[in-house]
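Me: I have a model open on my screen and would like to talk it through piece by piece. Could you walk me along the fold and then into a few details?

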Amino acid sequence: MKRGFLLAAMVVVAAILVTSVALLLLEWRARETHQPSMTTIGGPFSLTDQDGKKVTDADYAGQWKLVFFGFTSCPEVCPTTLSRISLTLKALGPLGDKLHPLFITVDPERDTPEAMKSYVEAFDKRITGLTGTPAEIEAVAKAYRAFYQKVPQGNDYTMDHSTLIYVMRPDGQFETMLRYDDTPAEMAEKLKPLLEQG
Ligand code: NI
């Protein structure tokens, strides 16, 4: 009887242990897939700006940056993102000049430097549009843990892409993220204390 109880207790303890470990693993996996590790977002890149000039991450060193991905024929998310970022720049006043938004295309096939230029400049001249070879785009998206995928649409195609806006420090380190559907007031509130740091 006593031995039976002990055995039952041990089984219960073992079950709890196994469940806890399984839950921990699940949570760890969820973090892996949904929340990119803060220290590993960003890194070197080599791209072409909207004036056709070859650029690297070093060209933007020493500046606060907003890095985000999209494409100029995006029906909704990208126009929303760019318009909110341009309103955020205005809301920040002179502090907005310390912030350099970098819009990186995930559709380099269609988004030539010229296409990027007319698109970003329609929102705010302070926004830089970056394109590159498919390999360069793949590399920078990987560095920022950004996702994108071509989706066929009749004879044409559209792009699926992740919508996070990465706030990068002047030293190139990741600071935080904004969501494209944050209001300009919310974005400005988050950015103000950072930009005031210098
Ligand atoms: Ni988009």
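**Walking through the fold**

Reply: Helix H2, residues 77-91, lies across strand E3, strand E4 (99-105) and strand E8, and it runs at about 165° to E3. Please keep in mind throughout that this is a predicted model.

Me: OK, and how many helices and strands does the chain come to?

Reply: The secondary structure comes to 5 helices and 9 strands, and from the N terminus on the elements run α-β-β-β-α-β-α-β-α-β-β-β-β-α.

Me: What's the strand order in the sheet of 7 strands?

Reply: The order is E2-E1-E5-E4-E3-E8-E9, in an open sheet with mixed pairing. Strand E2 (54-56) and strand E9 (174-178) are the edge strands, each pairing on one side only, and neighbouring strands of this sheet are turned against each other by 35° on average, with direction ignored.

Me: What holds paired strands together in general?

Reply: Strands of a sheet pair through backbone hydrogen bonds, and they can do so in either a parallel or an antiparallel way.

Me: Back to E3, then. Which of its residues point which way, and are they buried or exposed?

Reply: Trp 64, Leu 66, Phe 68 and Gly 70 point one way from E3, Lys 65, Val 67 and Phe 69 point the other way, and all of them are buried.

Me: What is Ile 104 in contact with, beyond its neighbours in sequence?

Reply: Leaving aside neighbours within four places in sequence, Ile 104 is in contact with Leu 47, Val 67, Phe 69, Leu 130 and Val 140.

Me: Let's go back to H2. Which of its residues are buried, and what covers them?

Reply: The buried residues of H2 are Cys 78, Thr 81, Leu 82, Arg 84, Ile 85, Ser 86, Thr 88 and Leu 89, and what covers them includes E3, E4, H3, E8 and H5. H2 also forms a right-handed β-α-β unit together with E3 and E4.

Me: What span should H2 have, and how far apart are its ends?

Reply: At 1.5 Å a residue, the 15 residues of H2 should span 21 Å, and the end C-alpha atoms are 21 Å apart, so the two agree. After the helix comes Gly 93, whose phi is positive, near 65°.

Me: Changing topic to H3: where does that helix lie?

Reply: Helix H3 (residues 113-123) lies across strand E1 (46-49), E4 and strand E5 (128-131), and it runs at about 155° to E5.

Me: There's a proline in there, Pro 113. Why does Pro 113 count as partly exposed?

Reply: Pro 113 has 17 other C-beta atoms within 10 Å, and because a residue needs 20 or more to be buried and 12 or fewer to be exposed, it falls in between. Setting aside residues up to four places away in sequence, Pro 113 touches Thr 48, Asp 49, Gln 50, Asp 51, Gly 52 and Thr 131. The C-alpha atoms of Pro 113 and Asp 51 are 6.2 Å apart in space, although the two are 62 residues apart in sequence.

Me: And Ala 115, what does that one touch?

Reply: Ala 115, also found in helix H3, touches Thr 72 and Arg 110, again not counting residues up to four places away in sequence. Its C-alpha atom is separated by 7.4 Å from that of Thr 72, which is 43 residues away along the chain. Ala 115 is partly exposed, with 18 other C-beta atoms within 10 Å.

Terms used: Residues numbered from 1 in each chain as written. Predicted model: local features only at pLDDT ≥ 70, side-chain atom pairs only at ≥ 80, totals over all residues. Pairing = 2+ DSSP bridges. Helix = DSSP H or I, 4+ residues; strand = E, 2+ residues; numbered from the N terminus. Axes fitted to C-alpha atoms, helices over the stretch in contact; angles between N-to-C directions. Contact = placed C-beta atoms within 7 Å. Expected span 1.5 Å × (residues − 1). Right-handed = clockwise from strand over helix to strand, strands pointing away.
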